[in-house]
Amino acid sequence: MFRRTLLTSTAALALLLPLATACGGDAEAESSSDLSSVTLAVGATGWKNEEGVLKFAHLDDTPYKVKWSLFQGGDQQLQAVRAGALDLASSSEIPPIFAAADGKPNFKVVAVQRGTTLNQEVIVPKGSKVTDIAGLKGKKVGYVQNTTAHYFLYELLKRAGLKWSDIDAKPLLPNDGLAALNGGGIDAFASYGTSVITAHQQGAVTVGSGKDVLSGNFLWSARDSVLKSPAQRAAAADLIARITKAYAYIRDGREHEFAKVVAKATHQPVTQAEKDFRDAQEQRPTRARTVGDDTIASQQKVADAFTELGALKGKLDVKSFWSRALDTDLEKAL
């Protein structure tokens, strides 16, 4: 069933999204020093945070072109990579697992961005009698499938002595889940980012958090064709490094000014946006790093949990879709 769903989603995305612009010339003959002909199709989640960060830090003047596309989750970004519509996707550890589950991924995880795990929560509507995860037994619980929300909801249920079958689990996209929560269609919702922020503005209450469940490893996945091109590899490494530098620029006393950008995009008070940003960066400053044995092992632990849950048919060896091809360029760019 998963394979059928993946193929359907991939086919749909191929029709809906423009194919990534190919670089001219033979990939082997390309020079990594000439990036003017490179166009990277890059995915974003939330409010295009990365694009906003780069613009604020005046680091969006790349010698290559970047086409940003907004998605509701990293799972959709990986589906777009599978469809040939994205060159570079950013996600948690979970989406690449499912995108590679059929054994024929056309991408590799090439870098890790350490980031905050705040605003990864199980929430209930204002006035709900549910006060903790144990109280979810027998309830309709929405979650964003094949994402961090799927994983931390499963882990929180285990910690509370519950099985996945003890809840009526409903896979929903963030916007749909928020609407269902407010409309009474579900009793609780496991989600992340902007949807959680918006829910709290509407009176939602937190009953569980993925803060200490999640590793804080967020992955950059590149389409195989990118790794075959020296110029595209160099551009991808440069873009990832620029995002790290942009966050450092903001942390250097510019949090309040950047909060104005966030507040406008997320429709929240500037004071709240600034607090959220400061809290996030205090918990774990956003910065990229190269591939390591520890980062691969971390994702393997997550994949094993999904196998245990029954969401994967069998054990998946995640190192098969990791690559150190970007390490040298990324270390140089950082």
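**Exercise 1. Which residues are in contact with L239, leaving aside its neighbours within four places in sequence?**

Solution. 
- Step 1: set the cut-off. Contact means heavy atoms within 4.5 Å.
- Step 2: list the partners. Leaving aside neighbours within four places in sequence, L239 is in contact with V42, L54, Y64, V66, W68 and L88.
- Step 3: L239 lies in helix α9 (residues 230-251). Helices here are DSSP runs of H or I with at least four residues, strands are runs of E with at least two, and both are numbered from the N terminus.
- Step 4: check the burial. L239 has 0% relative accessibility and therefore counts as buried. Buried means under 20% relative accessible area, exposed means over 50%, and partly exposed lies in between, with a 1.4 Å probe and protein chains only.
- Step 5: take one partner further. L54 is 185 residues from L239 along the chain, yet their C-alpha atoms are separated by 9.3 Å.

The model is predicted: local features need pLDDT of at least 70, side-chain atom pairs count only at pLDDT 80 or more, and totals for chains, interfaces and linings use all residues. Residues are numbered from 1 along each chain as its sequence is written, and side-chain values use heavy atoms, with hydrogens and water left out.

**Exercise 2. Which residues of α2 are buried, and against what do they pack?**

Solution. 
- Step 1: name them. E50, E51, G52, V53, L54 and F56 are the buried residues of α2.
- Step 2: draw the conclusion. Six of the eight residues of α2 are buried, so the helix is largely enclosed by the rest of the structure.
- Step 3: find the surroundings. The buried residues of α2 pack against β1 (39-45), β2 (65-71), β3, α9 and α10.
- Step 4: look past the helix end. H58 follows α2 and has a positive phi, near 60 degrees.

**Exercise 3. At what angle do helix α2 and helix α10 pack, and what is the handedness of the crossing?**

Solution. 
- Step 1: read the geometry. Helix α2 (residues 49-56) and helix α10 (residues 255-266) pack at about 140 degrees, with axes 11 Å apart. Axes are lines fitted to C-alpha atoms, for helices over the stretch in contact, and angles run from 0 to 180 degrees between N-to-C directions.
- Step 2: classify. The two helices α2 and α10 are therefore oblique to each other. Angles under 35 degrees count as roughly parallel, over 145 as roughly antiparallel, 65 to 115 as roughly perpendicular, and the rest as oblique.
- Step 3: The crossing of α2 and α10 is right-handed. A crossing is right-handed if the near helix is turned clockwise from the far one by less than a right angle, and left-handed if anticlockwise.
- Step 4: list the contact. G52, V53 and F56 of α2 meet E257, F258 and V261 of α10.
- Step 5: The contact residues divide into four nonpolar, one polar and one charged. Nonpolar covers Ala, Val, Leu, Ile, Met, Phe, Trp, Tyr, Cys and Pro; charged covers Asp, Glu, Lys and Arg; the others, Gly among them, are polar.

**Exercise 4. What is the strand order of the open sheet of five strands, and which are its edge strands?**

Solution. 
- Step 1: write the order. The sheet runs β7-β6-β8-β5-β9, with mixed pairing. Two strands pair if DSSP finds at least two bridges between them.
- Step 2: find the edges. β7 (168-171) and β9 (205-209) each pair on one side only.
- Step 3: Neighbouring strands are turned by 30 degrees against each other on average, direction ignored.
- Step 4: inspect one pair. Strand β6 (residues 140-143) pairs with β7 in the parallel sense over four bridges. G142 stands opposite K170 in β7.
- Step 5: Helix α7 (residues 193-201) lies across β5, β8 and β9, at about 130 degrees to β8.

**Exercise 5. Is H267 buried or exposed?**

Solution. 
- Step 1: locate H267. This residue is found in the loop between α10 and α11 (270-283).
- Step 2: read the accessibility. H267 has 68% relative accessibility and so counts as exposed.
- Step 3: check the backbone. H267 has a positive phi of about 60 degrees although it is not a glycine.
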